[in-house]
Amino acid sequence: MNVLLWLLLALPLAGAGVVAGAPRLVAEPVVARVGAVVGAATLLVAVVVAVRFDYAAAERVQFETDASWIPAIDVRWHLGVDGISLAMVLLTALLAFCCLLYTTRIPPSTAASVTAAGSDAASAGGAATSAGQGQRPPTRAFVALVLLLEVGMLGTFVAFDLILFFLFFEVVLIPMWFVIAVWGDPHDGAGRRRAATTFILYTLLGSALMLLGFLLVYAQAGTFDLTALAAGAGRGITTAAQLLAAIAIGLGLAVKSPMWPLHTWLPDAHAKAPTVGSVLLAGVLLKMGTYGFVRVWLPVVPDGARAVAPYLAALATVGILYGALACLMQRELKRLIAYSSVGHMGFVLLGIATLTPVGVNGAIFAGVAHGLITGLLFFLAGAIKDRHGTGVLADLGGGLYARMPRLGGLFVFGAVASLGLPGLAGFWGEMLALFGAYEPHAALARTTYIVLMVLAGLGAVLTAAYFLVLVRRICQGSDTIGPSLVQNGAGLRDVTAIEVWSWAPLVALTLVLGLYPGAVLAVTEPAVTLLVGR
């Protein structure tokens, strides 16, 4: 048994319990700071795991715990980290810490606090009262839910048993429902609850299909252990059973990814969620689906994956084009960024569907880059909405540079990173996914994939178009903000110290990984080659 992974899960779980269940130990005014300390400690454990990781054997499962848990059906408490999961563990711990640190800030005194009876930041602090919605739960409930979300997200990336993977996969659903439904858009109580319910219904239906696929695999292979199933590469599972399992598991993972046309829960969930909810939803929860494709779908049912892969690639490409075209039509900032995620995750799914080490490595890198960049964009979109009381582009006007030059500059950085500017992290993953489509697995039709590659490349051009239009629309030009959005004539505050500390790691890593993509690719490549490079 290795204590590090136990500690990685126990710290946020214990923190959630203390924050939620011991109000006398943690006073309400300091509860957000306690959450940030727990998040920092969890991130430190993740960094220790990365430091002690044996990079010369990145394909091997390390820090392993493997003990019988439910002997009747051979479910094991099997935890570990390899080169694929290490990047996701670090991304999750970092984003969770940034979100918990963000909740400690004092919301800026802006129009948002006047027109909306409190921004989503105040909602996270338990101080907001929406008109007609009543007093929201205190800070401790919000912080406890974020820590519980962190447990589920980290557990998904370190689980090496199908049932354990499924349980951690499901742990995030109820906390995220509450985060969206209770702390979401203070203007629209019914809308945020509807968005939260749509999210949970979609994901529960997908999870039910995924569980059926897992049970079919167990019925044929006689084990839920992921290392044994990956080593077997489908042996003992008939071709028909692999096909059925690949469809069931793939549909379940595609909902969370989100793949077109199963993405329809995503825009409303992002638009109605508080800033922290949007960051974790885009930065980590979507990666749980694509990680499942790499960890489970490709190695466990390889024959089924090869049969389904062309359809996955086609739907991923449609998602790339659809997401870009939908962004060009959006009139609200968070919805636009949400639709951009549909397109970016389409590149991730396309890379996976090539069934090649190049494509799958590109997919993993693109997932990490998307988590950093889109997490930053949702932080910035939340800050803009906080200060103006609206995310409607027409109401925001132009001249963000003039009003808040640092916030405007950061938003431009996030936008150009998201459109895939060379030298930033957003470039490499999508480029490798396209390279994978140019030379797909030998069992796949290369002509089909080249056509999809060309269409996906067109989607990349459209991505650049809508982000450049967005930057020109809200950042450039003269300061056109209406006087009604400024409280008592006071100016809108620029970036605060807490916001700088919350966002700086995402900016720095976007630059570092853009200049040195090998920091991720060198770690993931051995494990990916072991799983799919057969």
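Predicted model: local features only at pLDDT ≥ 70, side-chain atom pairs only at ≥ 80, totals over all residues.

Visitor: Let us begin with charged side chains. How many salt bridges does the count come to?

Guide: Side chains of opposite charge can pair when their charged atoms come close. A pair is counted here when a side-chain nitrogen of Lys or Arg lies within 4 Å of a carboxyl oxygen of Asp or Glu. By this rule the count comes to 8 salt bridges. One of them joins Arg387 and Glu499, whose closest N and O atoms are 2.8 Å apart. Arg387 belongs to helix α16 (residues 357-388) and Glu499 to helix α22 (residues 497-515), so this pair ties together parts that are 112 residues apart in sequence.

Visitor: Is Arg387 buried or exposed, and is Glu499 buried or exposed?

Guide: The word "buried" applies to a residue under 20% relative accessible area, and "exposed" to one over 50%. Arg387 is buried because its relative accessible area is 0%. Glu499 has a value of 1%, and is therefore buried.

Visitor: Which residue forms a salt bridge with Asp494?

Guide: The partner of Asp494 is Arg406, and their closest N and O atoms are 3.9 Å apart. Asp494 lies in the loop between α21 (446-474) and α22, while Arg406 lies in helix α19 (residues 405-418), so the pair connects parts that are 88 residues apart in sequence. Asp494 counts as buried because its relative accessibility is 13%. Arg406, at 54%, counts as exposed.

Visitor: I turn now to the helices. At what angle do helix α3 and helix α23 pack?

Guide: One compares the directions of the two helix axes. Helix α3 (residues 83-102) and helix α23 (residues 518-532) pack at about 135 degrees, with their axes 6 Å apart. That angle makes α3 oblique to α23. The contact is made by Gly83, Ile84 and Leu86 from α3, together with Val523, Thr524, Ala527, Val528 and Leu531 from α23.

Visitor: Which residues form the nonpolar patch on the surface?

Guide: The patch consists of Leu205, Leu209, Leu212, Leu215, Leu243, Ile247 and Leu251, which together have about 580 Å² of accessible area. Helices α9 (189-221) and α11 (239-256) each supply at least two of the patch residues. The most come from α9, which gives 4. Leu243 is found in α11, and its relative accessibility of 35% is why Leu243 counts as partly exposed.

Visitor: Which residues is Thr203 in contact with, leaving aside its neighbours within four places in sequence?

Guide: With those neighbours left aside, Thr203 is in contact with Leu173, Val255 and Lys256. Thr203 lies in helix α9 and is buried, having a relative accessible area of 3%.

Visitor: Where is the place of Gly277?

Guide: Gly277 is in helix α13 (residues 275-300). Its relative accessible area is 2%, so Gly277 is buried. Not counting residues up to four places away in sequence, Gly277 touches Met176 and Val179.

How values were computed
Residues numbered from 1 in each chain as written. Heavy atoms only, no water. Patch = residues over 30% accessible without salt bridge, like charges linked within 9 Å, V, L, I, M, F, W, Y side chains within 5 Å. Areas by Shrake-Rupley, 256 points an atom, 1.4 Å probe, with all protein chains shown as cover. Buried < 20%, exposed > 50% of the residue type's maximum accessible area, 1.4 Å probe, protein only. Axes fitted to C-alpha atoms, helices over the stretch in contact; angles between N-to-C directions. Parallel < 35°, antiparallel > 145°, perpendicular 65-115°, else oblique. Contact = heavy atoms within 4.5 Å.
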